[in-house]
Amino acid sequence: MSQAVPGAQRDPADAGPPATRAQLPAYARAQLGWIADTDEVAALLEAGGVNDRVAEARYGAPSVFALAHDVRRVAGVPAQSAALGVQPESEGARRGAMVSDALMRASLFLTPAALAVGAARWLAGQPWQTTTGLLVVGWSTAQALSYMGFCAAGAAGVAVAARRLALGFGALAAAWAVLLAVAGVDLRGWLVSGAQLALFAANAAALVTGRERIVLPAAACSWVAAAGLATVGGPGPVVLLGLTLLAMPVLAYAPAVRRDGRTGWRPRRAQIVTAAAHGLAGAGQAMLFILVVLAESAHLPMWTALPLLAGIPLTELMLTWHWQRAARGRARLSGQRPFLRHLTRGAIAGAAALLLPLAAGLALAARAHATARPALWALAAATLLAGVQALCLILAAHRRPALAAATAWCLASLVVAAAFLADGLVPGLPAIAAGTAVLLFGYPFAFVPAVSAMIDPWSHR
Amino acid sequence: MRVALINEGTYPYVLGGVSTWCDQLVRGLPEVTWHLVTVVGTAPGEPALPLPDTVASLTPVPVWGPADPPRPGAAPLAARLLRAMLGDGPADAAAFRAALRALALPDAAARTRWCRRCRSAPSACGRHGPPGHHPLHGVPLAEILCEVWDLAGQGGAQLPRLSLRDADEAAMLLEHALRPLGAHLPPTDLCHANANGLSALVALAAKWRWGVPFLLTEHGVYLRERYLAAGSHPPAVKVALLRFHRALARLAYAEAAVVTPVSSFNRRWEERHGAPPGRVTVIPNGVAPERFPPLPGEPADPVIAWVGRVDPLKDLHTLIKALAAVRREIPAARLHLAGPVPSGNEVYAESCHRLVEELGLAGAVTFAGPVASSRDAFAQGQVAALSSISEGMPYTVVEAMMCRRATISTDVGGVAEAVGDGGLVVPPRDPEAFAAACVKLLRDRDYRESVADRGHRRALANFTLERCLDAYRRQYRKLLAEAAPVDAVPVEAVP
């Protein structure tokens, strides 16, 4: 009769208790695994039709409980390894699925960058409302709403979560439409803004509803369209791009129209505060991207941004590896200390990986200083920024979105300050060099809390 | 008389046997002002049944919804509670009670001198008292469980290995299971917990906070059902949950003013787990005779009627095999099965159809589906059958007896004590024995009628709804008359 606490009902009817008393211990072991106590055996026997009279007539025991006591005593306790019940899993298949999931997410995240490159001609001369402004607000909204979406999905299902995300992005679209109308942007500006919003909304919903695999083909088509725009041009790629940008949100938000009977979900105050912190972190990351990469991109070759593009899948892979490793540790280990040691070993590997951007950035900056090549400064800055973005993502993913936001905004503020002060302090120093110096200086301050977050067991509960 | 009727997952949100019983009780005792408290999974929708005017309030207590703020100072109590639940001795039971009771009562340190509610009735203060707080939310329960698990192991307890993931899962389930302890109850004179477990948690809290006595009814045996439902969990999670439910069930049996199982079969479990025999009173379910008057005649064909939900526990396979054996003696014999296939039982229903085909009984078995009244189904047969392998105190047998139909039942749960000499009882899972009893009744009309008469008289004498309602009315009055502070601890007046 109880329905509040879920639990699968054992089906006792198919193979009832065996006919002889000697067979009962093996039967109980097979049905129950680790036998909790005598009463668990008694419940099993009774559910199989054995009452006191049957216990006496068929098994020669004075009662079900006496019979159960005897059965438990003979059945004994299984070996610990068998009792742990961990299902062996194909290591190769698991690793393959992990890598493909991470790369799929990374591909979705990279789609806006791919489109920005392909449609660079369209973006030229556009006002801030349609480019950088919407980048900051869209990135921030996507981070905040994704967090809210995950909370809603956990409490009320993906249909409710998708509807909440649609509501949030709908509100942003309406507000931004007013801003664009007031600014009087042209048709191209409206299209660029719509495309950005569609991408942010589709990626956030795909992640929350777990439809990355379904949205990815449409995203891949948009990559093809972007390549067409950049090379051959003409109406074909434009139409294809438009269609894919329509298809992505439609596919991602399909669960929103699903009727699963659940409608109501209200975020709690703590969830709203956490979502705001995620939003602030996203806005800070977008500001850093604009200040360090976009501000100088007009004068520099495209390949200088490659570390950032490579950093997204690498960060996804590292985070996925780390989470999987922690989860395996929790499934395998039975004490806090061994788990802490397990986390520390993983965090050391993670720290080594996270030091690579710092080391590479330092080497590139030294080379740029020696050769005075702005492209090398940009490459160093992009390398360091890829590392900083990874650190911010790790902090946010380990329940420290406020720290991630503080890191991103402090560094963004310092980059702005350095750009103003650099020329006064060191005449002739390019702004990108000042930005690189800020990232070099700030990197350790983000690195230490990120690594400590990876070690903290609280992050993995 | 104000009574809080506490259910878990049933009345008035879900239809079924327990909800029918509750509806009969609530409508049958109009002198009572009812406060319905129902432990539910998440926030429920509208009640599935219309509620009479005597229902003053309906309080759902969700265990899986968003968490309320934590109770201050819960971590040390959680450690004591978990440590005690793993043990099996009287000292462990006392420690479990003390820790649970402390969690149910307001934390002295959290009381505020400036809070008027805290000064007058701290247990009812929604801001600083237990209501509106989930006792163990926010407590690092998984870590605590790991520690006490190690300690218990070192103390000689035989426990499976607890991985951290097991601890996470067990902690999450235990935290949710304990949430009803923070439920806010309307002012009431007594509580009627309609099951052990989570319903009893609400009643225990009311007793400890305000000295409200409680009566505990069990239709099935809650603890036994937990044993049967826990198999899907990893061993350590299963053991943690079962230890908690065992300790809680024992505590509720010990603290209840009266325990009222619906059959003596349940009583065995209750007394085994500490219910004082003097406080256990069996009150069988009742059936309204006017709804099940004797059937005027019987069909000409030798038909066996069965009513119930198509479920593995009803063991229809034995019944179908028994029909095949009956047809060897009485070739014209047929089986009429009436009842729904609940969601999740489709595979079992298919297996029944398959068995019918395999045994060549296609024209002899009717799957009639749901019926408005079991009486209509009994009218289709010369005899009524119940082949279950597990039952508490089944309504269908009593209803068949009330309709004056001879019954053949399996000897499970409270069936034999319900049937007495008013029907034939055979061992479960024994098609041949079941068939022999059917043949005996189907072949001999006089014998069939005499059995049906005895059953009818027995049902009228022991299992009328009025008799059942009177028994609860007496228990309520007795408890109210005896009501006195049940504890030496400061018990507050009902706010």
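Chain B of this predicted model exposes about 17,900 Å², of which carbon and sulfur atoms supply 53%; accessible areas follow the Shrake-Rupley method with a 1.4 Å probe, and for residues only the protein chains shown count as cover. Of the 495 residues of chain B, 60% count as buried, a term that stands for under 20% relative accessible area, with exposed over 50% and partly exposed in between (1.4 Å probe, protein chains only).

| Property of chain B | Value |
|---|---|
| Span of the C-alpha trace along its principal axes | about 80 × 50 × 40 Å |
| Share of contacts (heavy atoms within 4.5 Å) with a separation of 6 or more that join residues 24 or more positions apart | 71% |

In chain A, Ser193(A) counts as buried because its relative accessibility is 2%. Not counting residues up to four places away in sequence, Ser193(A) touches Gln129(A), Thr130(A), Leu134(A) and Leu180(A).

Residues are numbered from 1 along each chain as its sequence is written, while chains are lettered from A and ligands numbered from 1 in the order in which they are written. Because the model is predicted, local features need pLDDT of at least 70 and side-chain atom pairs count only at pLDDT 80 or more, whereas totals for chains, interfaces and linings use all residues, and side-chain values use heavy atoms, with hydrogens and water left out.
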